[in-house]
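Please keep the sequence and the structure in view while reading.

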Amino acid sequence: MPDALSARRLTRRGLLAAGGAATLATLLAACGQDDAAKPATSNGNGKWSFTDDRATTVEAAARPARVVAFTGVAAALVDFGLDKQLVGVFGETRRTDGTADPQAGDLNVEAVEILGNVWGEFSLEKYAALRPELLVTHMYDPDALWYVPDESKAKILPLAPSVAITTARVPMTKPIERYAALAESLGADLSAKKVTDAKARFEAAAEAVRQAVKANPGIRVMACSGSPDLFYVSNPKVSTDLMYFAELGVDIVIPTKLEAGDYFEALSWESAGKFPADLILLDNRGTALQPKDLSAKPTWQQLPAVKANQVTPWDAVPRFSYAGSAPLLENLATAIRNAKKVS
């Protein structure tokens, strides 16, 4: 889901000051004339093309070999078998203690340039210096490129072709399939054991969720995210992972008074108990309040699922690969099997 907390609490911070914004030509020159003049890397496979979810066909004389992506996208592409093609990332990559953010998955964060580590950060200078051949990110709303700042998009996008994959209003399996297809076009082998094993694990986990629902019927699930002032209840008709969970039979709370975009309902903490639930999926990102932070909220403590200790972490922005998503399904299946009816 789009980051409700970022949208409400974080101001997008352009890294270029208004009076010092460089032109694209100046940026490229700053990278060194020799680097700027180098052509796209060719792998001898001829012309490359890919049609993204904007219905835009991206073409290149050769398969892109220098890819920059949102961190979660880069991690998904790694799961499908890419490696050295990934040269830069943007989005939460390192935690404050220096370790890799969970969003990074198996991505080697030491081997990529980090263009920005929080919402609104995207270093145009670093991006230009990478000589990117392809930019890839999620698309939650039409033509909205996830974590590409609107205020500098006009300077970022001319530097390389871009691919956007829809990650809302479709079940989670759809973006997984699309990122698999993109990875394959970039040279990944989808028949590799690593990939086929991950797909088998994903399918088994999906079946485990179906069986958990059958074995423990009537468990009502609420996906939510907490901020200091507001309690967000997510909409399974828009959030791609929740939509897929519902397809597997999970009974998920549907909020009734939606904000723009229909992603969530924003409740005051006094109204946090509006929707009865037996099991809570709690946004586990660093931008959201965690159980230890929420302990000071009396209305949180009064929720039946919280009293019953039926709260489980939720990856609100999933890693759209079989390897990244299988654990989410496994954890959900376990949580449903173990939950008791309390609402």
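## A tilted aromatic pair

F231 is buried, with a relative accessible area of 0%; buried means under 20% relative accessible area, exposed over 50%, and partly exposed in between (1.4 Å probe, protein chains only). The model is predicted: local features need pLDDT of at least 70, side-chain atom pairs count only at pLDDT 80 or more, and totals for chains, interfaces and linings use all residues. Residues are numbered from 1 along each chain as its sequence is written, and side-chain values use heavy atoms, with hydrogens and water left out.

W269 also counts as buried, at 6% relative accessibility. The ring centres of F231 and W269 lie 5.1 Å apart and their planes meet at 45 degrees, so the pair is tilted. Rings of Phe, Tyr and Trp (its six-membered ring) pair if their centres lie within 6.5 Å; planes under 30 degrees apart count as stacked, over 60 as edge-to-face and the rest as tilted. This pair links distant parts of the chain, with F231 in strand β9 (residues 230-234) and W269 in the loop between β11 and β12, 38 residues apart. Helices (H or I, at least four residues) and strands (E, at least two) are DSSP runs, numbered from the N terminus.

## An edge-to-face pair and a cluster

The rule gives 16 aromatic pairs. One of them, Y140 with Y263, is edge-to-face, at 6.4 Å centre to centre and 75 degrees between the planes. Y140 lies in the loop between β6 and α6 (153-156) and Y263 in the loop between β10 (251-252) and β11 (264-268), 123 residues apart. Y140 is buried at 4% relative accessibility, and Y263 is buried with a relative accessible area of 4%.

Both tyrosines belong to one aromatic cluster, whose members also include F70, F90 and W119.

## Helices α4 and α13

Helix α4 (residues 71-79) is mostly covered, with 9 of its 9 residues buried. These buried residues pack against elements including β3 (67-70), α8 (193-215) and α13 (322-338). After α4 comes G81, whose phi is positive, near 120 degrees.

Helix α13 has 17 residues and reaches 24 Å from its first C-alpha to its last, close to the 24 Å expected at 1.5 Å a residue; the expected span is 1.5 Å times one less than the number of residues. Among its buried residues are Y322, L328 and I336.

## A buried loop residue

Q103 is placed in the loop between β4 and β5 (113-116). Q103 is buried, with a relative accessible area of 12%. Not counting residues up to four places away in sequence, Q103 touches (heavy atoms within 4.5 Å) residues including T71, A75 and R319.
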